[in-house]
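Hi there,

Here is the structure I said I'd pass along.

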Amino acid sequence: MSGDPTYGRDLGTADEVAAAQRAAAVVRSSHEASHRHATPTRAAGSRLSWPTLRPHALPLVSTSAAGRSRRFEDKVVLITGTGGGQGRAAALRFAAEGAVIVGADVKTAGHAETVAMVEGEGGVMTGSGTLDLTVADDVEAWVQQAVTEHGGIDVVYNNAGVFKMGDIATLSLADWTWSVDRELTQVFSVTRAAWHHLVARGGGAIVNTASIAGVVTLGEGGGIVHAATKAAVVAMTRDLAVSGATHGIRANSISPGTVQTPATQEMFADPAGREAMMGPQLIKRLGQPDDIVSAALYLASDEASFVTGVNLVVDGGYTVR
Ligand SMILES: NC(=O)c1ccc[n+]([C@@H]2O[C@H](COP(=O)([O-])OP(=O)(O)OC[C@H]3O[C@@H](n4cnc5c(N)ncnc54)[C@H](O)[C@@H]3O)[C@@H](O)[C@H]2O)c1
């Protein structure tokens with residue numbers, strides 16, 4: 001268990017929690033004291049010199065013997081959309097930092113491949129390769145199984161999403177509803193199913209994948225439902241942050257720009273499509289799944305313990321101008 005000793009599933013009884021909080025308070029106050037006393041001194045005619053500060057009593061990031069960061073040692077991390085793309089990258093990266101991964105996808109072969117990759121790296125991954133996240137009862141069962149197998153939930157990473165293209169003149173009502181189910185309602189269903197487990201754990205982190213499509217218009221690409229659902233994910237995340245505050249639950253969203261995944265393969269294979277998306281960026285390359293997952297790891301970790309309700313835009317500068 002890394003970071004704040006008050007955050008963790010090992011703390012069962014109220015007495016244990018109170019003891020851990022007292023211990024944390026002692027650590028905090030001694031750490032603050034070391035900084036309070038750190039005033040600069042100046043010998044006559046010399047430059048200011050700062051006394052050496054005591055190092056942190058607790059490391060913000062725990063590391064393995066090999067020196068690798070292990071921010072999620074033994075934490076249970078739910079990740080949706082583990083059949084490929086960013087979900088696969090997330091499973092690999094969280095597992096590499098010590099997490100137990102519980103994945104979900106309808107792409108059975110893709111999900112199985114991800115499980116094999118995680119296990120090949122020495123990680124632990126369970127979950128389902130046949131779960132349709134739009135079926136709320138099945139989502140409940142998947143979450144319950146995670147709790148039964150692993151004892152609780154620490155992180156919920158709502159990554160999965162898919163939508164139909166079309167603008168107001170062309171998108172059918174059926175395609176609108178289909179997309180809302182997969183980009184918005186399933187985020188709600190997964191979070192709702194996991195919520196009381198996060199509360200029971202005494203806290204946790206939610207990371208929701210939105211999109212820059214919910215922040216700015218991407219032009220005449222015909223993504224009206226994508227724009228609407230991703231803006232809604234950002235707004236819903238703020239609401240989750242408010243509801244979670246008293247339970248130690250933080251909720252943040254990430255808005256990726258261009259990311260090279262199976263979902264965008266066709267668009268980026270076309271030079272015109274590639275240029276249309278990359279043109280406005282300040283950083284002239286396509287985003288990679290790891291660019292987004294790095295942000296998710298930060299937001300889910302104790303390093304972001306003062307960050308909630310934020311929408312972190314990771315887009316190579318697409319939305320700056
Ligand atoms: N790729 C980009 O350029 C980009 C940009 C902005 C936002 N995003 C968002 O990032 C997230 C991940 O996208 P990606 O690019 O990795 O796409 P992807 O298609 O490679 O992966 C998404 C996965 O989610 C799964 N999924 C979707 N709905 C599901 C459901 N109902 N039940 C089970 N599984 C389901 C899919 O089967 C797929 O494996 C999505 O929310 C997407 O909207 C992507």
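Below is what turned up when I went through it, starting with the whole chain and ending with one arginine.

Just keep in mind that this is a predicted model. The protein has 9 helices and 7 strands. It runs to 321 residues, and 40% of them count as buried. As for contacts between residues at least 6 apart in sequence, 70% of them join residues that are at least 24 apart.

The shell around the ligand is made up of 30 residues, and the closest are Gly81, Gly83, Gly85, Gly161 and Thr261. Sorted by type, the shell has 16 polar residues, 10 nonpolar ones and 4 charged ones. Two helices, α2 (85–96) and α5 (173–201), each supply at least two residues of that shell. Of the elements, α2 gives the most, with 3 residues.

You'll find Arg71 in the loop between α1 (14–36) and β1 (76–80). Is Arg71 buried or exposed? Arg71 counts as buried, because there are 21 C-beta neighbours inside 10 Å, and the cut-off for buried is 20 or more. Arg71 also pairs up in space with Gly98: the two are 27 residues apart in sequence, yet their C-alpha atoms are 7.1 Å apart.

Cheers

Conventions:
Residues are numbered from 1 along each chain as its sequence is written. This is a predicted model: local features need pLDDT of at least 70, side-chain atom pairs count only at pLDDT 80 or more; totals for chains, interfaces and linings use all residues. Helices (H or I, at least four residues) and strands (E, at least two) are DSSP runs, numbered from the N terminus. A residue is buried if 20 or more other C-beta atoms lie within 10 Å of its own, exposed if 12 or fewer, and partly exposed in between; C-beta atoms are placed from the backbone. Two residues are in contact if their C-beta atoms, placed from the backbone, lie within 7 Å. A residue is near a molecule or strand if its C-beta atom, placed from the backbone, lies within 6 Å of it. Ala, Val, Leu, Ile, Met, Phe, Trp, Tyr, Cys and Pro count as nonpolar, Asp, Glu, Lys and Arg as charged, and the others, Gly among them, as polar.
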